[in-house]
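Subject: Structure handover

Hello,

Please find the structure below, with notes on what was found in it. The notes start with one residue and go on from there.

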Amino acid sequence: MKIPNRIQPLVDDGLIDDVIQRLKSGKEADVYTVLCGDKIQCAKVYKEATQRSFKQAVQYQEGRKVRNSRNSRAMQKGSKFGRKQQEESWQMAEVEALFRLADAGVRVPQPYMCIDGVLLMELVTDAEGGVAPRLSDVTLSEETALADFDTMIRNIVRMLCAGLVHGDLSEFNVLLDAQGPVIIDLPQAVDAAANNHAQSMFERDVNNITAYYGQFAPQLLTTRYAKEIWLLYEDGKLTPETVLTGTFTEQEHKVDMDSLMDEIITAEDEYYEPQRANRERDEQ
């Protein structure tokens, strides 16, 4: 096929020998299979901000650290240079997340390098060596659904223990190879401790995955892994080996209405007492 303009420099530099086909066109990138020596790899070509359809990017970038203070100031001002740095930051977020998660034992594609908005990484394949299908494109038995759901939950826990939340996880961001699910598409990954939206994003991720596998194993639909895992994380008790139950009980607190009313009355008295004192003084 015709070599895309963004990939041509990598071909010129000898990093890529040929482009085989386009696998998909997504909301933030186009993905191609490419030949690198005798290996077939995956090239993810990020779209410019004006072409991306990914919504609410600001929420995902909250809490991300920019090492260079000059770049950080430029990004805040929104200058042309700042916008360029913002783009590079968005792209490098996925590269850094992939390396970080691979080191933590999370099943993600192995990243190799990212140059000028093109990420080279492992091509995830099925048992026959073909391109692995997305989870959304397969039908599972109940037994397989339960086993793969357990694998996904363990990987989600490892991600959180590594300090990251996917932020856009669903059956459309998971591939299925011979060993089970592989998590992909991480440019919007957020810092679990520094992003104020991390908890809601985490719960949405887990609930999306639960709903998908619940189609094949309905008993999963009554589980509450999202809240259970997040509470353990907040309490500093979550590890990759933590035994989970899938249950969560909301903490109920009885309200002492008498004490509450006493506090309200006391606060009102303290608020109005200076005004009453002023009126009495004026009347005298």
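**Salt bridges**

Lys227 counts as partly exposed, at 30% relative accessibility (buried means under 20% relative accessible area, exposed over 50%, partly exposed in between, with a 1.4 Å probe and protein chains only). Please note that this is a predicted model, in which local features need pLDDT of at least 70 and side-chain atom pairs count only at pLDDT 80 or more, while totals for chains, interfaces and linings use all residues. Residues are numbered from 1 along each chain as its sequence is written, and side-chain values use heavy atoms, with hydrogens and water left out.

The side chain of Lys227 meets that of Glu203 in a salt bridge (3.5 Å, N to O). The term stands for a side-chain nitrogen of Lys or Arg within 4 Å of a carboxyl oxygen of Asp or Glu. This pair links distant parts of the chain, 24 residues apart: Glu203 is in helix H6 and Lys227 in helix H7 (residues 225–234). Helices (H or I, at least four residues) and strands (E, at least two) are DSSP runs, numbered from the N terminus. Glu203 is buried, at 16% relative accessibility.

By this rule there are eight salt bridges. Another of them joins Asp185 and Lys24, with the closest N and O atoms 3.1 Å apart. Asp185 lies in the loop between strand E8 (180–183) and strand E9 (190–191) and Lys24 in strand E1 (residues 18–25), so this pair ties together parts that are 161 residues apart in sequence. Asp185 is buried, with a relative accessible area of 9%, whereas Lys24 is partly exposed at 27%.

Lys47 and Asp30 also form a salt bridge (3.9 Å, N to O). Lys47 is buried at 17% relative accessibility, and Asp30 is buried at 14%.

**Aromatic pairs**

There are six aromatic pairs. Rings of Phe, Tyr and Trp (its six-membered ring) pair if their centres lie within 6.5 Å; planes under 30 degrees apart count as stacked, over 60 as edge-to-face and the rest as tilted. Phe149 and Tyr213 have ring centres 5.9 Å apart and planes at 70°, so they are edge-to-face. Phe149 lies in helix H5 (residues 142–161) and Tyr213 in helix H6 (residues 198–214), so the pair ties together parts 64 residues apart in sequence. Phe149 is buried at 3% relative accessible area, and Tyr213 is buried at 0%.

The rings of Tyr212 and Phe216 are edge-to-face too, because their centres are 5.5 Å apart and their planes at 70°. Both Tyr212 and Phe216 are buried. Ring pairs link Phe149, Tyr212, Tyr213, Phe216 and Tyr225 into a cluster.

**Strands and cysteines**

Strand E5 (residues 118–122) has four of its five residues buried. Strand E3 (residues 39–46) pairs with E5 in the antiparallel sense over five bridges; two strands pair if DSSP finds at least two bridges between them. In this pairing Val45 stands opposite Val118 in E5. Strand E4 (residues 111–115) also runs antiparallel to E5, joined by four bridges, and Cys114 stands opposite Leu119 in E5. The hairpin of E4 and E5 has two residues between the strands, and Asp116 takes a positive phi near 50° there.

The structure has zero disulfides, a disulfide being a pair of cysteine sulfur atoms within 2.5 Å. Cys36 is buried at 13% relative accessibility, and Cys42 is buried at 6%.

Regards
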